[in-house]
Amino acid sequence: GGVPVGCAMLIEHDMTTRMDLSPWLGGIFVCSEYRHRGIASELVLHALEVAHLTKIDTLWLYTATNRTLYERLGWKFVETSQYEGGPVTMMRYGK
């Protein structure tokens with residue numbers, strides 16, 4: 001009986017400049033009134049569990065603002081690059 005307050009996606013491609021990398025964790029979003037409650041972390045952890053169950057060994061993501069969140073959850077820094085008009089941090093989870 002709950003109300004959706006966030007989302008996460010496992011998608012084939014998320015950066016048009018890095019079509020060589022796949023699959024991606026993308027679309028992590030939590031409604032503003034529900035932020036700072038650990039929901040984003042739970043969404044990421046659930047996505048990692050689904051990836052594991054579907055035999056996905058490596059996931060990619062990019063973030064403009066939340067590098068620390070992902071590092072706390074075991075993601076590794078890959079590079080900083082320009083994308084869609086600003087700097088983003090690319091990260092990898094897994095092999």
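Helices (H or I, at least four residues) and strands (E, at least two) are DSSP runs, numbered from the N terminus. By that rule, R67 sits in helix 2. The model looked at here is a predicted one, so local features need pLDDT of at least 70, side-chain atom pairs count only at pLDDT 80 or more, and totals for chains, interfaces and linings use all residues. Residues are numbered from 1 along each chain as its sequence is written, and side-chain values use heavy atoms, with hydrogens and water left out.

Back to R67, then. With a relative accessible area of 32%, R67 is partly exposed; here buried means under 20% relative accessible area, exposed means over 50%, and partly exposed is in between (1.4 Å probe, protein chains only). R67 and E33 are 34 residues apart in sequence, and their C-alpha atoms are 21 Å apart in space.

Next comes the pocket. On a 1 Å grid over the protein atoms alone, a pocket is an open set of points with protein on both sides within 12 Å along at least five of seven lines, whereas a cavity is a set of points where a 1.4 Å probe fits but cannot get out; lining residues have an atom within 4 Å of a point. Grid points are joined across faces, edges and corners, and a volume is the space filled by probe spheres set on the points. The largest pocket holds about 570 Å³ of space. It is lined by 24 residues, and I28, A40, N66, L69 and Y70 are the closest to its centre. Which elements each supply at least two residues of this lining? They are strand 2 (24-30), helix 1 (39-53), strand 3 (58-63) and helix 2 (67-72). Strand 2 gives the most, with 6 residues. Sorted by class, the lining has 12 nonpolar, 8 polar and 4 charged residues. For that sorting, Ala, Val, Leu, Ile, Met, Phe, Trp, Tyr, Cys and Pro count as nonpolar, Asp, Glu, Lys and Arg as charged, and the others, Gly among them, as polar.

Now for the aromatic rings. The structure holds 4 aromatic pairs. Rings of Phe, Tyr and Trp (its six-membered ring) pair if their centres lie within 6.5 Å; planes under 30 degrees apart count as stacked, over 60 as edge-to-face and the rest as tilted. The ring centres of W24 and Y62 are 6.4 Å apart and the planes stand at 75 degrees, so this pair is edge-to-face. Since W24 belongs to strand 2 and Y62 to strand 3, the pair ties together parts that are 38 residues apart in sequence. W24 is buried, with a relative accessible area of 0%, while Y62 is partly exposed at 24%. Y62 also pairs with Y83: the ring centres are 5.1 Å apart and the planes are at 75 degrees, so this pair is edge-to-face too. Y62 lies in strand 3 and Y83 in strand 4 (residues 76-83), so the pair ties together parts that are 21 residues apart in sequence. Y83 is buried, with a relative accessible area of 7%. Put together, ring pairs link W24, Y62 and Y83 into a cluster.

F77 is partly exposed, with a relative accessible area of 36%. F77 and Y93 are 16 residues apart in sequence but 9.2 Å apart in space, C-alpha to C-alpha.

Helix 1 gets a quick length check. The expected span of a helix is 1.5 Å times one less than its number of residues. For the 15 residues of helix 1 this comes to 21 Å, and the end C-alpha atoms are 21 Å apart, which agrees. Which residues of helix 1 are buried? They are S41, L43, V44, A47, L48 and A51. These cover an arc of only 160 degrees around the axis, which puts them on the same side of helix 1; the arc is that of the directions from the helix axis to the C-beta atoms. The face turned away from the buried side of helix 1 carries the exposed residues E42 and L53.

The peptide bond from S22 to P23 is cis, with omega near -5 degrees, and P23 lies in the loop between strand 1 (6-11) and strand 2. H36 is not a glycine, although its phi is positive, at about 65 degrees. H36 lies in the loop between strand 2 and helix 1 and is exposed, with a relative accessible area of 84%. E84 has a positive phi as well, near 50 degrees, and is a residue other than glycine. E84 is placed in the loop between strand 4 and strand 5 (86-94), and at 67% relative accessibility E84 counts as exposed.
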